[in-house]
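Subject: Structure handover

Dear colleague,

Here is the structure for you to look at. My notes on it follow below the entry.

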Amino acid sequence: MLVDEVLARCLVALLVWPLAAAAQPARGSALDPYSGPYTLRVDAPPALAGVAARVEAIDPASLARPLASAGLQLPPHLHVILVADGHEVANRTPSWIAGQAFGTDTMVIYPQRIGSYPYDSLESVVLHEAVHLALTLRAGQGSLPRWFHEGVAVSVESGWGVGSQVRLLWAAAHDPRMDDVALLFESGAVPETTTAYLLSAALVEDIRRRHGLTVPGTIAARVAGGESFERAFAIETGETVNQAAAQAWRVYRGVRWLPIVTSPSGVWGVILGLAAVAFVVRLRRRWQRRREWDEDDLPEEARESKEIM
């Protein structure tokens, strides 16, 4: 691992490690292997045969367990369609999208796009999209807002880590309302959409921490029973969505025993200091590599005399 990458990770850990413990709910213990009805169909072009094999090898229990922790059930049938970059479907889809869910059983995955937030592996994309399918199934004919869908999906797959929370600190500082989050999703730009994912995940994580891990499923079930989402949310949490959001943002701004986070000047001082160290290390590494290249270009006699010296 590069030295400057280590420094960057140290910076992230220094800033947000206490927040991770405060904001994220404890995960339940492992459940028994999944024994419910389940069939999987994977469609893929020959060039993605290896990826298809990986999808087929995913243990359904690894999907069912995290879904159950959110009060959701694994759909009894999953249809996974793998699409390669360059296909007309991929060309019509924004380049930052790695997966899409349709209805209650179908997901489209663009494997060559995996690696950017909130997707860090093929398995995490499958789980992320399975959450969307399970939520739609649980809500029946009812409608769930996008922030709830995405927040639950990221929360269940644990796809946001401490690195993402640095950006969240600044986003939450402006007390965004959920209408603002909806506009971020609609922007279509990667930075705004990423911020929307982070804010949605933070809100859902806080709701699950305070009202129980399975609350997403119970909210969706009330929607299936005919309640509006806003009414179902209020019944299960005792709060409006904006009240819950304000509470979630306070989690990230209210850690008074961590002055480096609450002081912007302190944060930027540490950032600039570590950035300077990383810059010097990088220059040194480049200088050393260039010297090695220069030595390789020397005649053998000169190289031997240099080694003696």
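Of the 309 residues in the protein, 41% are buried, meaning under 20% relative accessible area with a 1.4 Å probe and protein chains only, where over 50% is exposed and in between is partly exposed. This is a predicted model, in which local features need pLDDT of at least 70 and side-chain atom pairs count only at pLDDT 80 or more, while totals for chains, interfaces and linings use all residues. Residues are numbered from 1 along each chain as its sequence is written, and side-chain values use heavy atoms, with hydrogens and water left out.

The protein has 15 helices and four strands; these are DSSP runs numbered from the N terminus, H or I of at least four residues for helices and E of at least two for strands. Taking contact as heavy atoms within 4.5 Å, 72% of the contacts between residues at least 6 apart in sequence join residues at least 24 apart.

The four strands form an open sheet in the order 1-2-4-3, with mixed pairing. Two strands are taken as paired if DSSP finds at least two bridges between them. Strand 1 (39-43) and strand 3 (99-102) are at the edges with a single partner strand each, so one side of each has no neighbour in the sheet. On average, neighbouring strands are turned by 20 degrees against each other, direction ignored. Axes here are lines fitted to C-alpha atoms, for helices over the stretch in contact, and angles run from 0 to 180 degrees between N-to-C directions.

The pairings are as follows.

- Strand 1 and strand 2 (residues 77-82) run parallel and are joined by five bridges; Leu-40 has Leu-78 of strand 2 as its bridge partner.
- Strand 2 and strand 4 also run parallel, with four bridges, and His-79 is partnered by Thr-106 in strand 4.
- Strand 3 and strand 4 run antiparallel, again with four bridges, and Gln-100 is partnered by Val-108 in strand 4.

Three residues separate the strands in the hairpin of strand 3 and strand 4, where Gly-103 takes a positive phi near 65 degrees. Strand 4 is covered on both faces: Thr-106 and Val-108 are buried on one side, Met-107 and Ile-109 on the other.

Helices on the sheet

Helix 2 (residues 49-56) lies across strand 1 and strand 2 and runs at about 170 degrees to strand 1. Helix 5 lies across strand 2, strand 3 and strand 4 (106-109), at about 145 degrees to strand 4.

Helix 5 also packs with helix 10 (residues 215-224), at an angle of about 40 degrees and with the axes 7 Å apart. That makes the two helices oblique, since angles under 35 degrees count as roughly parallel, over 145 as roughly antiparallel, 65 to 115 as roughly perpendicular and the rest as oblique. Helix 5 contributes Leu-135, Arg-138 and Ala-139 to the contact, and helix 10 contributes Pro-216, Gly-217, Ala-220, Ala-221, Val-223 and Ala-224. By class, seven of these residues are nonpolar, one is polar and one is charged.

The core

The largest nonpolar core has 63 residues, and Val-131, Trp-147, Leu-203 and Phe-229 have the most contacts inside it. Such a core is a set of buried Ala, Val, Leu, Ile, Met, Phe, Trp, Tyr and Cys residues joined through side-chain atoms within 4.5 Å. Helix 5 (residues 122-139) gives the most to this core, with ten residues. Apart from neighbours within four places in sequence, Leu-203 is in contact with Trp-147, Met-178, Ala-244, Ala-245, Ala-248 and Trp-249.

Single residues

His-132 is in helix 5 and counts as buried, at 8% relative accessibility. Not counting residues up to four places away in sequence, His-132 touches Ala-101, His-149, Glu-150 and Ala-153.

Ser-200 belongs to helix 9 (residues 190-211) and is buried at 0% relative accessibility. With residues up to four places away in sequence left out, Ser-200 touches Trp-147, Gly-151, Val-181 and Phe-185. From Ser-200 to Ala-182 is 18 residues in sequence and 9.6 Å in space, C-alpha to C-alpha.

Ser-35 is in the loop between helix 1 (3-23) and strand 1 and counts as exposed, at 72% relative accessibility. Ser-35 and Ala-61 are 26 residues apart in sequence, with 8.1 Å between their C-alpha atoms.

Regards

Methods. Nonpolar A, V, L, I, M, F, W, Y, C, P; charged D, E, K, R; others polar.
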